[in-house]
Amino acid sequence: MSRDNSGNDCNNTNSKNCTGGENNNNDNDASATAHTTQAPSSNNTVPAFPVLQRFGLADIDLSKEEDNNRFKRLLGELIAKQQQHSGKRNAIEYIQPSQNVSTTAIAVRSHKSHKAFKTYHQMNPYLGDVVATLDDDKKVGAQRLSDYLAKEHPNEFVEAAKSSGVAVCGVLDKTEGAALFTDAGLKDEQWNTIMRHLRHKFDSKIAVSLKQVKSKCRDSEDIREQIRKTKRPRGSYKKEEK
């Protein structure tokens, strides 16, 4: 997860860019001027990794496990050194060689279980740094992350909101809609009126179409099971209904 500090979104977080610090257009490294006795070359191509070249690492073969691990250890120490200076546990600032702009990346951890995630994140809330990196205004950053989750992972988004006590409306599928239609003994116009009021309240789609609902009404067993489910309170409103 990264964002350049000019405000432009950035997807280039490849580790090979993390040590860049020079303007490639003005870099006159030692390797470019080593052969002073020869005539100037017409090919003034700037090395792809000028800083790495200075330390003899530009040609390291990362397909080899030993070299790759050596490179990762070096990268880890560079990041640790920067974080020691900045005091930031998750933020990593680097310069993109291709654009010569400062970019912030956030270190995101992987956890074996939800419990492990909650325990660690309570001590080090790195997702807060992700939100802060998405935009200078944290509200905008939170909106962008929420928009992504709601579109790409709608079911998980709704369930997470419900478990947090936030009133989020899902969409009734045809079985749920048919159970409501049957259990309440609704007529078409009554259904449409209820849906109109609910859409106005929640400003979102409430259920599949009435045509889909009525086509499901013939599956009596599915409907009876869904009605039984609705008679068992669940979630945050259990105590209120007792």
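The model is predicted, so local features need pLDDT of at least 70, side-chain atom pairs count only at pLDDT 80 or more, and totals for chains, interfaces and linings use all residues. Residues are numbered from 1 along each chain as its sequence is written, and side-chain values use heavy atoms, with hydrogens and water left out.

Two packed helices are described by the angle between their axes and the distance between the axes. Here, helices are DSSP runs (H or I, at least four residues), numbered from the N terminus. Axes are lines fitted to C-alpha atoms, for helices over the stretch in contact. Angles run from 0 to 180 degrees between N-to-C directions. Helix H4 spans residues 126-134, and helix H5 spans residues 138-152. Their axes come within 7 Å and cross at roughly 105°. H4 and H5 are therefore roughly perpendicular to each other. That label covers 65 to 115 degrees; angles under 35 degrees count as roughly parallel, over 145 as roughly antiparallel, and the rest as oblique.

Contact means heavy atoms within 4.5 Å. From H4, the contact is made by Val 131, Ala 132 and Leu 134. From H5, Lys 138, Gly 141, Ala 142, Arg 144 and Leu 145 take part. By class, the contact of H4 with H5 has 5 nonpolar, 1 polar and 2 charged residues. In this scheme Ala, Val, Leu, Ile, Met, Phe, Trp, Tyr, Cys and Pro count as nonpolar. Asp, Glu, Lys and Arg count as charged, and the others, Gly among them, as polar.

Salt bridges come next. A salt bridge is a side-chain nitrogen of Lys or Arg within 4 Å of a carboxyl oxygen of Asp or Glu. By this rule the count comes to 8 salt bridges. Burial is given by relative accessible area: buried means under 20%, exposed over 50%, and partly exposed in between (1.4 Å probe, protein chains only).

One of the salt bridges joins Arg 70 to Asp 67, with the closest N and O atoms 3.8 Å apart. Both residues lie in helix H2 (residues 65-86). They are 3 residues apart, about one turn of the helix. Arg 70 is partly exposed at 45%, whereas Asp 67 is buried at 19%.

Asp 222 pairs with Lys 216 in another salt bridge, where the closest N and O atoms are 2.9 Å apart. Asp 222 is partly exposed, at 37%. Lys 216 is buried, at 10%.

Glu 221 forms a salt bridge with Arg 224, the closest N and O atoms lying 2.8 Å apart. These two residues are 3 residues apart in helix H10 (residues 220-230), about one helical turn. Glu 221 is partly exposed at 43%, and Arg 224 is partly exposed at 42%. Salt bridges that share partners join Glu 221, Arg 224, Glu 225 and Arg 228 into one network.

Two further residues were examined. His 121 lies in helix H3 (residues 114-123). It is buried, with a relative accessible area of 17%. A polar atom of the His 121 side chain lies 3.4 Å from the backbone nitrogen of Tyr 126. Leaving aside its neighbours within four places in sequence, His 121 is in contact with Tyr 126, Leu 127 and Gly 128.

Phe 202 lies in helix H8 (residues 188-202). Phe 202 is partly exposed, at 38% relative accessibility. Its C-alpha atom is separated by 8.4 Å from that of Val 168, 34 residues apart along the chain.

Terms used
Polar contact = N/O pair within 3.5 Å; in protein donor to acceptor, adjacent residues only side chain to side chain.
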